[in-house]
Amino acid sequence: MFYRSTTDQQWSPLDLENLYAGPQGSACWLLGGGPSLTTLPLEKIRSSLAPIMAINLAGHGHIIPDFWTAYDPTTRFLPANYRTPRTLKFIHKRRAMDLLPGDTFKLCECPGVVFFEHEKRNFSQSFSPAATRILDWNDSFIQALDLLLHLGFRTIYLAGCELYIAPSTELQQQAQQHGLNYQPGQSLRLFLEACRSQNIAPGLTETAITGPQYHFDEAKPLAATLRTDDHYQRTVQLLRLSRQALTQTGLKLISVTPHSRLNDFFPYQTIAHALEDLSHIQGPPAHQQTRGLYTGQPIIAPQLTCPMRDLKAPTT
């Protein structure tokens with residue numbers, strides 16, 4: 001499923017399947033690029049035991065992720081993102097011979113770059129540990145979820161994943177004066193059509209119509225912004241229709257993003273709740289003491305009512 005490549009396109013398989021699986025079920029943070037990301041306690045996310053995957057430019061300027069993936073062309077992302085050996089980068093095989101933006105190196109020459117192939121699947125098989133390729137529904141977010149599944153993670157905390165673009169505060173205020181209230185997650189296209197039908201804020205420029213689109217410094221023209229919001233709606237519905245497949249694989253999506261469109265269909269937790277759950281993997285604070293580890297002081301064994309016995313699996 002996973003490969004490395006040389007500049008003469010010699011492919012070497014990498015066995016990463018379930019590398020991060022654990023007996024308690026491994027968890028991972030998945031970062032989107034939504035404006036809410038910087039309102040979350042990023043230092044606590046960084047210090048938790050769960051690794052971090054980022055999509056596209058998510059986390060830029062705040063977090064260096066452990067994993068990264070993108071669906072879009074190579075030129076949309078920073079060269080430093082590909083150069084750092086701190087991040088394991090998952091990219092489709094068709095990008096292997098791409099040049100780094102503004103550089104003479106190819107992606108396959110970069111450290112920590114892993115390639116994979118795509119395939120289309122129906123809803124009943126959308127997320128399947130038996131698949132030998134990564135799910136292709138033309139979306140980085142869904143691609144990231146399938147990658148994490150195959151790496152062995154089973155609980156994914158979704159941060160900065162509003163999956164919608166809101167109108168600007170100015171437009172919302174003017175709309176309220178006409179009795180038109182915007183609800184977080186509402187279709188941006190339909191809200192703007194309702195505003196135009198009532199001739200609300202006709203003088204607003206394109207850049208003043210929408211609020212912040214990302215937590216980093218970037219913004220799309222209005223037509224592209226509307227298409228992006230439509231695409232976000234599509235992504236949410238594809239995941240809604242895949243809930244049975246997600247359940248069958250044991251993959252739990254937990255939103256920690258307030259007002260995300262996903263919150264209508266998937267569980268929402270506060271960051272504090274998610275961090276508390278993750279702390280159970282670390283164990284209680286009393287078990288984190290270092291005194292005595294180098295001097296041979298005895299480790300207190302867990303109190304068990306049923307003693308452990310290592311048995312051989314029945315083979316006949």
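Mentor: A salt bridge is taken here as a side-chain nitrogen of Lys or Arg lying within 4 Å of a carboxyl oxygen of Asp or Glu. The model is a predicted one, and by this rule the count comes to 10 salt bridges.

Let us begin with arginine 121. Its partner is aspartate 146, and the closest N and O atoms of the two are 3.0 Å apart. Arginine 121 sits in the loop between S8 and S9, whereas aspartate 146 belongs to helix H3, so the pair ties together parts that are 25 residues apart in sequence. Arginine 121 counts as buried because its relative accessible area is 12%, and the limit for that class is under 20%. Aspartate 146 is likewise classed as buried, since its relative accessibility is 0%.

The side chains of lysine 120 and aspartate 136 meet at 3.6 Å, N to O. Lysine 120 is placed in the loop between strand S8 (118-119) and strand S9 (134-135), and aspartate 136 in the loop between S9 and helix H3 (140-151), so this pair joins parts 16 residues apart in sequence. The two ends of the pair fall into separate classes: lysine 120 is exposed, with a relative accessible area of 53%, while aspartate 136, at 10% relative accessibility, is buried.

A further salt bridge joins aspartate 103 and arginine 83, whose side chains meet at 2.4 Å, N to O. This pair links distant parts of the chain, with aspartate 103 in the loop between strand S6 (88-92) and strand S7 (113-116) and arginine 83 in helix H2, 20 residues apart. Arginine 83 is partly exposed, its relative accessible area being 42%. Threonine 74 is counted as buried because its relative accessibility is 4%. Leaving aside residues up to four places away in sequence, threonine 74 touches Tyr82, Arg95, Asp98, Leu99, Pro101 and Leu107.

Salt bridges can also form a network, and here one links Lys93, Glu117 and Arg133.

The remaining case concerns the two domains. The chain is divided into domain 1 (2-164 + 224-284) and domain 2 (169-211), with C-alpha centres 32 Å apart. Between these domains the count is 1 salt bridge. Arginine 189 and aspartate 230 meet through their side chains in a salt bridge at 2.6 Å, N to O. On the side of domain 1 that touches domain 2, the residues divide into 2 nonpolar, 3 polar and 4 charged.

As for the extent of this interface, 9 residues of domain 1 are in contact with 9 residues of domain 2. The area buried between the domains is about 710 Å², and carbon and sulfur atoms give 57% of it. Tyr164, Leu226 and Arg261 supply 53% of the area that domain 1 buries against domain 2, more than any other three residues.

Notes: Residues are numbered from 1 along each chain as its sequence is written. This is a predicted model: local features need pLDDT of at least 70, side-chain atom pairs count only at pLDDT 80 or more; totals for chains, interfaces and linings use all residues. Side-chain values use heavy atoms; hydrogens and water are left out. Domain bounds come from an automatic or database domain assignment. Contact means heavy atoms within 4.5 Å. Buried area is the accessible area (1.4 Å probe) that two parts lose on being put together, summed over both. Ala, Val, Leu, Ile, Met, Phe, Trp, Tyr, Cys and Pro count as nonpolar, Asp, Glu, Lys and Arg as charged, and the others, Gly among them, as polar. Buried means under 20% relative accessible area, exposed over 50%, partly exposed in between (1.4 Å probe, protein chains only). Helices (H or I, at least four residues) and strands (E, at least two) are DSSP runs, numbered from the N terminus.
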